[in-house]
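Visitor: Please take me slowly through the surroundings of the ligand, starting from the strand beside it and ending with the sheet elsewhere in the chain. I would like the cut-offs behind each term as you go.

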Amino acid sequence: MRIEAIELTQIELALKASFETSFGTMDRRRVILVKVLAEGVYGWGEASPLNDPDYNYESVDTAWLILTQYLIPRVLGRSIERPGDAIALYNGVRGHYFAKSGLENALWDAFARAQGVPLARLLGGVRDRIEVGVSIGIQKTPGDLVRVVEGFVRQGYKRMKIKIKPGRDLGDLRAVRRAFPDVPVMADANSSYTLRDVPTFQSLDELNLMMYEQPLGWDDIIDHAQLQAAVRTPVCLDESIHTPDDARKAIALNACQIINIKVGRVGGHQAAKEIHDLMLTRQLPVWCGGMFESGVGRAHNIHLTTLPGYTLPGDTSASDRYYYEDVVDEPAVLNPDGTLCVPTGPGIGVEVLPDRLKKYGQRTYLARASS
Ligand code: OSB
Ligand code: MG
């Protein structure tokens with residue numbers, strides 16, 4: 001398939017409720033939508049680093065720069081046989097996986113559309129619905145948190161992920177546990193603790209949480225192994241896993257028992273699949289993380305989650321949990337049993353609405369191959 005044109009649109013959507021984590025508060029979400037045109041078909045991807053470089057080193061502006069200056073010039077006019085072949089064309093560009101995933105995932109969508117099959121089929125998916133949970137930001141008080149959790153439990157979400165930071169951990173999680181003794185609950189620290197906090201995690205062990213997500217350094221796997229050896233609750237890595245090699249090393253060191261796979265953080269579906277396959281052969285569970293994606297990235301997450309190793313509910317909540325209005329038709333809607341349906345049309349199975357791109361677009365870029 002020859003890559004003939006690539007179009008970028010940066011959009012900005014207002015969040016229904018601001019989202020506080022250990023690294024800051026977010027009210028508006030900017031992402032870059034990537035459209036690829038190739039031999040009569042198109043495909044959509046989404047580059048979704050955070051607005052600012054506070055989750056990892058990428059931001060929306062660095063992704064725009066890397067896409068326009070380094071990735072697009074390397075793939076434009078080139079022919080590839082499989083979507084993952086694009087990686088070899090820009091492998092010389094180190095890191096910047098969110099930028100790369102926007103491009104690679106647009107190619108996955110285009111290949112699936114060209115074959116007339118849902119992306120899930122191309123990826124090797126085995127489910128037509130996926131179980132989902134919700135990620136809940138730090139609230140003003142533990143009482144407020146319990147009320148927010150209650151709302152999501154009522155809607156049917158399968159597990160509650162609570163953001164924590166030093167000083168906002170035991171009190172908040174004990175309050176949630178007291179109110180909901182049987183609901184699956186986990187905690188995400190976004191790298192806000194150090195090994196000095198091991199006793200805090202040993203105390204949290206009493207609450208029977210599903211896992212501690214990324215408690216320590218954003219690029220660490222050594223200290224996490226020390227923490228895992230000191231606690232009963234499984235450690236799950238998010239920020240630290242950028243490549244299949246990172247996953248292999250983390251497992252070899254016993255730094256975690258679970259991995260949160262974010263397709264953007266690892267550069268696209270090819271690497272996400274390799275990490276999934278590695279974990280499956282080790283009989284270790286994975287789940288699909290999220291980055292407050294728009295409808296394009298959300299659809300990619302949903303198709304990815306159909307692979308057999310995604311045995312824990314992911315962070316891909318319904319569209320109305322984040323935004324008043326999405327940029328795609330149909331938006332993802334929560335079923336009463338806490339699942340999302342996998343779109344059945346070709347590719348990602350949702351269509352980007354041109355009027356919404358106009359309404360929420362901030363800048364565009366178009367590059368065409370010379371014929
Ligand atoms: O650490 O998983 C995270 C959102 C933005 C950046 C990092 C994270 C998150 C979430 C929310 O937890 C996931 C989602 O609902 O899309
Ligand atoms: Mg996380």
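Guide: What follows goes from the ligand to one strand residue, and then to a separate sheet.

This is a predicted model, in which local features need pLDDT of at least 70 and side-chain atom pairs count only at pLDDT 80 or more, while totals for chains, interfaces and linings use all residues. Residues are numbered from 1 along each chain as its sequence is written, chains are lettered from A and ligands numbered from 1 in the order in which they are written, and side-chain values use heavy atoms, with hydrogens and water left out.

Around ligand 1 there are 16 residues (a residue counts when one of its heavy atoms lies within 4 Å), and those that come nearest are S135, K161, N190, F292 and Y322. A polar side-chain atom of N190 is 2.7 Å from an oxygen atom of ligand 1, and a polar side-chain atom of D238 is 3.2 Å from an oxygen atom of the ligand. From D315 it is a polar backbone atom that lies 3.3 Å from a ligand oxygen; a polar contact is a pair of N or O atoms within 3.5 Å, and within protein one must be able to donate a hydrogen and the other to accept it, with residues adjacent in sequence counting only if both atoms are side-chain atoms. Taken alone, ligand 1 exposes 390 Å², of which the protein buries 99% (Shrake-Rupley areas with a 1.4 Å probe).

D188 belongs to strand β7 (residues 185-188), where strands are DSSP runs of E with at least two residues and helices are runs of H or I with at least four, numbered from the N terminus. D188 is called buried because its relative accessibility is 1%, the classes being buried under 20%, exposed over 50% and partly exposed in between, with a 1.4 Å probe and protein chains only. Strand β6 (residues 160-163) pairs with β7 in the parallel sense over four bridges (pairing requires at least two DSSP bridges), and K163 stands opposite D188. The side chains of D188 and K163 are also joined by a polar contact of 2.8 Å, while a polar atom of the D188 side chain lies 3.1 Å from the backbone nitrogen of N190.

Turning to the separate sheet, four strands in the order β3-β2-β1-β15 form an open, antiparallel arrangement. Its edge strands, β3 (41-47) and β15 (361-368), each pair on one side only, and neighbouring strands are turned by 25° against each other on average, direction ignored. Helix α1 (residues 60-75) packs on this sheet, touching β1, β2, β3 and β15, with its direction at about 160° to that of β1; axes are lines fitted to C-alpha atoms, for helices over the stretch in contact, and angles run from 0 to 180 degrees between N-to-C directions. Helix α11 (residues 295-304) lies across β2 and β3, at about 95° to β3. In the loop between β11 (286-288) and α11 sits S294, whose contacts include I11, L13, V31, L33 and E46. S294 counts as buried because its relative accessible area is 1%.

Conventions
Contact = heavy atoms within 4.5 Å. Lists of a residue's contacts leave out its neighbours within four places in sequence.
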